[in-house]
Amino acid sequence: MTRKIFSTCLASFAAIATVLAPVSVAAQATAPMGDPLALPSDLTIFGKDDPNVRTATAIVNGHVITGTDVEQRLALLLAASQNEVSAEEMQQLRMQVLRNLIDETLQIQEAKAQEIEVQQPEIDQAFARVAAQNFGDNPDGMNKYLASIGSSVGSLKRQIEGELAWQRLLSRNVVPFVNVSEEEVRDVMKRLEESRGTEEYRLGEIFLSANSENAESVGQNAVRIVEQLRQGGSFLAYARQFSEATTAATGGDLGWIRLPQLRSPQLEEIVRGMEPGQLVGPVEIPGGFWIVYLIDKRQVLMADPRDAVLSLKQISIEFPAGVTQEQATQRVQNFTAGVQTIRGCGDAETAAARIGASVVTNDQIRARSLPDQLQTLVLNLQVGQTTPPFGSVEEGVRVLMLCGRDDPVAQGGPSFDQMMSEIEDERVSKRAQRYLRDLRNDAYIEYN
């Protein structure tokens with residue numbers, strides 16, 4: 001049975017750190033009768049001996065995570081988000097990054113304990129690929145960039161090592177023990193065919209685990225993450241650093257799913273009401289909090305009209321500097337009237353010259369590459385028709401004329417092997433979460 005490499009089943013990242021507690025607190029209720037601790041209902045804590053407030057260093061089964069390690073990894077996150085962060089939020093981020101590093105250390109340690117080694121040349125090659133993707137033929141560009149943001153080559157290579165180690169660990173200790181029968185696959189494919197024409201969704205997720213003791217603080221931190229995302233933060237970066245789902249390794253990308261796969265009527269209802277590009281959350285669910293981003297949606301086993309390849313002519317006018325509002329309005333009215341006289345695509349250039357407009361032709365443009373506001377307008381056109389005028393005095397006013405359209409062909413859906421691989425991936429993901437949880441439970445961690 002063919003299995004694909006489980007790039008989506010890499011290291012899961014730690015939960016959001018708890019919120020700093022105040023120095024002085026008052027209990028909300030008196031201690032219950034029979035309380036063996038007999039704690040007073042009103043007390044004062046001297047100093048800042050809060051177990052949730054730690055210096056950002058730790059020793060994990062003998063491995064030291066330094067404050068420099070935390071700061072350099074934090075710099076990667078801040079560079080990706082490109083948002084201003086308050087002093088309080090910065091402290092929260094440091095604690096979050098520390099927990100990420102602890103998980104990463106546990107994954108590397110477990111791999112070594114299982115005699116799974118990630119060789120330095122492999123790490124260097126992976127780093128070189130990342131550098132080439134971002135800086136092309138300038139191999140030193142990545143090193144200089146990391147130094148400029150306060151990070152380092154070593155920090156990024158450590159993260160690469162953790163992901164490679166976890167992937168190989170799962171490939172040996174988890175993947176071989178995940179079995180999917182042919183009958184299960186056939187049953188899923190049958191249900192898929194029966195759902196032809198229904199909608200499926202491509203989602204991004206961030207999951208933060210919580211329990212009864214830390215639900216309030218984790219929820220508050222989830223709200224902060226959503227606020228940062230709404231201000232322009234990178235969903236991929238935040239998911240990769242802070243999500244505890246194994247999709248963290250792919251920036252939270254769940255891929256294309258159908259709503260029943262969420263296995264939650266609550267989440268189904270939320271996603272069904274979303275539009276592409278919309279962010280929702282945090283949503284409290286059993287075990288923690290969920291932040292969801294709708295990347296796109298389409299119909300199951302049906303061709304997506306937005307994949308149509310269009311032939312378009314753009315007819316546009318520009319305005320001279322210093323044009324008055326009255327002059328611009330009259331010019332647009334004349335342009336609109338002139339466009340209405342154009343008799344199809346063959347007449348576009350001649351008619352445009354009469355009204356002082358220019359024409360640009362594009363014969364290979366996909367509908368989905370157009371701005372959202374224009375996609376529906378263009379897809380509803382017949383050949384030779386134009387959109388309403390759009391634009392501004394600064395950028396010019398234009399219309400798009402449809403001159404041809406090649407509609408996409410409906411897809412036949414995933415193959416048997418592809419479907420089996422998807423089911424296997426889902427099961428590996430769940431077992432990977434349990435595996436990491438067990439590593440945390442068995443670890444000896446000393447905070448400094």
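Strand S7 (residues 309-317) and strand S10 (residues 396-406) run antiparallel and are joined by nine bridges. This pairing, like everything described here, comes from a predicted model. Strands of a sheet pair through backbone hydrogen bonds, either parallel or antiparallel.

S7 and S10 belong to an open sheet of four strands, with the order S8-S7-S10-S9 and antiparallel pairing. At the edges stand strand S8 (358-366) and strand S9 (390-392); each has a single partner strand, so one side of each is left without a neighbour in the sheet. On average, and with direction ignored, neighbouring strands of this sheet are turned by 25 degrees against each other.

The loop between S7 and H10 holds Thr324. With a relative accessibility of 38%, Thr324 counts as partly exposed. Thr324 and Val393 are 69 residues apart in sequence, and their C-alpha atoms are 9.7 Å apart in space.

A further open sheet of four strands has the order S4-S3-S6-S5, and here too the pairing is antiparallel. Its edge strands are strand S4 (253-257) and S5, each of which pairs on one side only. Neighbouring strands of this sheet are turned by 30 degrees against each other on average, direction ignored. Between S3 and S4 the antiparallel pairing extends over four bridges, and Tyr201 has Ile257 as its bridge partner in S4.

Helix H7 (residues 215-230) lies across S3, S5 and S6 and runs at about 170 degrees to S5. Helix H8 (residues 235-242) likewise lies across S3, S5 and S6, running at about 45 degrees to S3.

The buried residues of H9 are Leu267, Glu268 and Val271. These residues cover an arc of only 105 degrees around the axis, which puts them on the same side of H9. An α-helix has 3.6 residues a turn, so residues three or four places apart point the same way. The buried residues of H9 pack against strand S3 (199-209), strand S5 (279-285) and strand S6 (288-299). On the face of H9 turned away from its buried side are the exposed residues Pro265 and Glu269.

Turning to the aromatic side chains, the structure holds four aromatic pairs. One of them is formed by Phe135 and Tyr145, which are tilted, with 6.1 Å centre to centre and 45 degrees between the planes. This pair links distant parts of the chain, with Phe135 in helix H3 (residues 120-135) and Tyr145 in helix H4 (residues 140-148), 10 residues apart. Phe135 is partly exposed, at a relative accessible area of 29%, and Tyr145 is also partly exposed, at 35% relative accessibility.

Trp166 and Tyr435 form another tilted aromatic pair, with 5.3 Å centre to centre and 50 degrees between the planes. Here the linked parts of the chain are helix H5 (residues 153-173), which holds Trp166, and helix H13 (residues 416-442), which holds Tyr435; the two residues are 269 residues apart. Both partners are buried: Trp166 has a relative accessible area of 0%, and Tyr435 has one of 15%.

Aromatic rings also meet charged side chains. The charged end of Lys157 sits over the ring of Phe127, 5.2 Å from the ring centre. In the other example, Arg298 lies over the face of Trp256, at 3.8 Å from the ring centre.

Note on methods: Residues numbered from 1 in each chain as written. Predicted model: local features only at pLDDT ≥ 70, side-chain atom pairs only at ≥ 80, totals over all residues. Heavy atoms only, no water. Phe/Tyr/Trp six-rings, centres within 6.5 Å; stacked < 30°, edge-to-face > 60°. Buried < 20%, exposed > 50% of the residue type's maximum accessible area, 1.4 Å probe, protein only. Lys NZ or Arg CZ within 6 Å of the ring centre and 35° of its normal. Pairing = 2+ DSSP bridges. Axes fitted to C-alpha atoms, helices over the stretch in contact; angles between N-to-C directions. Arc of directions from axis to C-beta. Contact = heavy atoms within 4.5 Å.
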